[in-house]
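Hello,

Here is the structure I promised to pass on to you. Please open it alongside this note.

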Amino acid sequence: MVSQADSITEPRVPLSRARVLEAAIGLADEAGIGSLTMRRLAQVLGVEAMTLYYYVSNKDDILNGMVDIVVAEIELPTPDTDWKAAIRRTAISAYEVLQLHPWAASLMLSSSGVSHARLRYMDAVLGSLRQAGFSAEMTDHAYHALESHIIGFTLWVVGMNLGSQEDLAGLAADFLRDLPRDELPYLAEHVEQHMKERDPEDEGEFAFGLDLILDGLERTRVTAVIAGN
């Protein structure tokens with residue numbers, strides 16, 4: 001005998017643009033952006049592919065919507081905070097968000113449209129620099145230096161994904177075994193450095209490079225203030 005409780009089924013969640021985009025992000029996160037097709041996305045959502053077009057115009061619309069959601073996850077700089085601290089938090093937030101969605105950095109560069117969240121992010125970073133006293137010209141240079149570091153470093157990390165720490169240790173050991181140390185001593189030292197346990201205070205290469213950029217920008221800002229520019 002089937003009880004009343006057994007006969008109750010979970011209510012079907014209505015399809016919406018937000019649900020389509022969330023499913024697309026989940027699919028891309030799990031299987032890569034190359035796995036994202038209208039047919040595959042429809043299967044994940046349990047609908048026919050043509051049904052998706054009630055909520056999105058085409059695949060480009062989906063990709064732009066995905067970028068919009070991801071960029072909206074990034075912490076924006078706050079105007080009432082020291083500019084270096086604010087920009088540093090935003091840059092690290094962007095790097096962490098883009099690592100959670102390994103497909104997003106390249107998609108941000110190739111996206112056919114600029115999303116509202118992306119425009120908001122750009123304006124907030126530019127505004128933080130201008131309010132700190134950077135000229136419009138220096139703000140332009142500073143913004144591109146920061147974005148190049150965030151996007152470029154993320155693409156490098158994603159492209160260099162060598163698996164777990166155990167996998168990396170095995171690859172490094174094999175590499176060092178075949179490496180002619182007498183000819184390439186500093187490369188051997190560099191690989192060995194990667195295998196060492198990091199100091200808990202060490203925030204890693206991304207933060208190291210970011211701090212170099214921020215320190216350089218601060219020196220430029222102070223010099224400009226002294227010169228009265």
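First, the ground rules. This is a predicted model, in which local features need pLDDT of at least 70 and side-chain atom pairs count only at pLDDT 80 or more, while totals for chains, interfaces and linings use all residues. Residues are numbered from 1 along each chain as its sequence is written, and side-chain values use heavy atoms, leaving out hydrogens and water.

Let me start with α5 (residues 83–100) and α7 (residues 116–131), whose axes are 10 Å apart at an angle of about 155°. That makes α5 roughly antiparallel to α7 (the label is for angles over 145 degrees). Helices here are DSSP runs of H or I with at least four residues, numbered from the N terminus. Axes are lines fitted to C-alpha atoms over the stretch in contact, with angles from 0 to 180 degrees between N-to-C directions. On the α5 side, Trp-83, Ala-86, Ile-87, Thr-90 and Ala-94 meet Tyr-121, Val-125, Ser-128 and Leu-129 of α7 (contact means heavy atoms within 4.5 Å). By class, that contact has seven nonpolar, two polar and no charged residues. Ala, Val, Leu, Ile, Met, Phe, Trp, Tyr, Cys and Pro count as nonpolar, Asp, Glu, Lys and Arg as charged, and the others, Gly among them, as polar.

α5 also packs on α11 (residues 205–227), where the axes come within 11 Å and cross at roughly 150°. This makes α5 roughly antiparallel to α11. Among the residues in contact are Lys-84 and Arg-88 from α5, and Asp-211, Asp-215 and Glu-218 from α11. The class count for α5 with α11 is 10 nonpolar, no polar and six charged.

α7 has a further partner in α4 (residues 59–72), with an angle of about 40° and axes 7 Å apart. There, Asp-68, Val-71 and Ala-72 of α4 meet His-116, Ala-117, Arg-118 and Tyr-121 of α7.

The largest cavity has a volume of about 40 Å³. A cavity is a set of points on a 1 Å grid over the protein atoms alone where a 1.4 Å probe fits but cannot get out; lining residues have an atom within 4 Å of a point. Its lining is Ile-87, Thr-90, Ala-91, Tyr-121, Val-125, Leu-146, Glu-147 and Ile-150, with α5, α7 and α8 (136–159) each giving two or more residues. That lining divides into six nonpolar, one polar and one charged.

Best wishes

Note on methods: Parallel < 35°, antiparallel > 145°, perpendicular 65-115°, else oblique. 1 Å grid on protein atoms, 1.4 Å probe; cavity = no way out; pocket = protein on both sides within 12 Å on 5 of 7 lines; lining within 4 Å. Points joined across faces, edges and corners; volume = space filled by probe spheres on them.
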